[in-house]
Amino acid sequence: MTKSAPYAELLKVPLETVFVGREIVTLDVIDSTNTYALKHGKEGMVIVADRQTAGRGRLGRTWHSAPGLGLWFTVVFEGMWKGLSFAAALAVRDALADRCELRIKWPNDVLFGEKKLCGILIELRNDLTVLGIGLNVHHTPEDFPPELRDKAGSLESEVGGTWDRCKILRDVLTHLDGKVMLIRKSGVEAVRAEWAAACNLIGRRIRSGPHVGTVVDIDSHGALLLDTSSGTQTIPTGEITYLDGG
Amino acid sequence: MDFKELQELIRILEESSLTEIEVEEEGRRIRLQKPGPPAVLQPVAMVPVVAPSAPVVADPSAAETEEVDEACSLPTIDAPMVGTFYAASAPGEEPFVQAGDTVEENQTVCIVEAMKLMNEIATKFAGIIEKVLVENGQPVEFGQPLFAIRAVE
């Protein structure tokens, strides 16, 4: 196992989890923890890297992962895991809940105020599901590229205080394990309902592409069910605009 | 297939509302067609409904319907979940596959996304992509056919 100084503690004290973190790989530098996981991943494996040279977002967007400043990691699951998107965002929120109140923004960002602190990217290939989480921790505003400064923030820049990436990782993995076991035991509904409440969209009037309407629910895939003048529309993903202020 | 089976097939076609039957066995393909208006119901039944933004109805010109008919008689690669269909890994990139492409078993043909869960859809067998049944960026339903694929031994 490769050792990387920031996460050495992670290996010293075993996690109190059932599933997540059965094996932990810590790397100094990797192209992307998701890419590594898609190649080498096994059930329950966690891959964490101090630096990503090619961190990815959705659809080929890059995830800005400055060396040493954030928490970049991936958890591996075998098979298709319904509800994982819900579990991931809730785990991040809950892991940090004693120090800050994070909010979840549909389709799946984690924000403090209006600043995005955390991105989640799940990829499925050949029955392997890799859950990538990027959390900005130590960044100052200047550490982000100018075009991101209005939108992105870190725990230290937004919430303040000092943060320990290793502790955050332990806490997120522990919470994630709890959510994953809950899905296994009780199904997706338990986390779906919690997530739907957290993202605070039900009852809001929005526009998504050509559709304008009121969000009546969020389905088990995370799609918005939009009540429009031409019936209920399902909005699986994409950009939305609030039409009722806020 | 022997003569008697062929006769039986002709009888089935004549007595049904179908306009075409295609059977393949042991490398031989037999396709029977009868004249008459294309059965509009068939493609509608085969392509379960679809994104509200892309209604199936459209103008069923003969040529187009026939094309869909033929594609529908082939095996399809279906959406495993509700989501958004992406033909390429990123905007501006070449599509994973296009109609006419030869694909290998377990080759990625598209991505279906829901909630930033990017599901890479792969072929289950080698073949030729006969038709791409959805548009890039289109919402897709669970089980909706995305590609018609002709198996190649």
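When I say contact, I mean heavy atoms within 4.5 Å. What we have here is a predicted model, in which local features need pLDDT of at least 70 and side-chain atom pairs count only at pLDDT 80 or more, while totals for chains, interfaces and linings use all residues. Residues are numbered from 1 along each chain as its sequence is written, chains are lettered from A in the order in which they are written, and side-chain values use heavy atoms, with hydrogens and water left out.

Let me start with Thr84(B), which sits in strand S4 of chain B, residues 83-86, strands being DSSP runs of E of at least two residues and helices runs of H or I of at least four, numbered from the N terminus. Leaving aside neighbours within four places in sequence, Thr84(B) touches residues including Pro236(A), Thr237(A), Ile111(B) and Gly137(B). Thr84(B) is buried, at 5% relative accessibility, where buried means under 20% relative accessible area, exposed over 50% and partly exposed in between, with a 1.4 Å probe and protein chains only.

Now to the cysteines. With a disulfide taken as a pair of cysteine sulfur atoms within 2.5 Å, the count over all chains is zero. Cys199(A) is in no disulfide either, its nearest cysteine sulfur, that of Cys118(A), being 15 Å away. Cys100(A) is buried at 7% relative accessibility, and Cys199(A) is buried with a relative accessible area of 5%.
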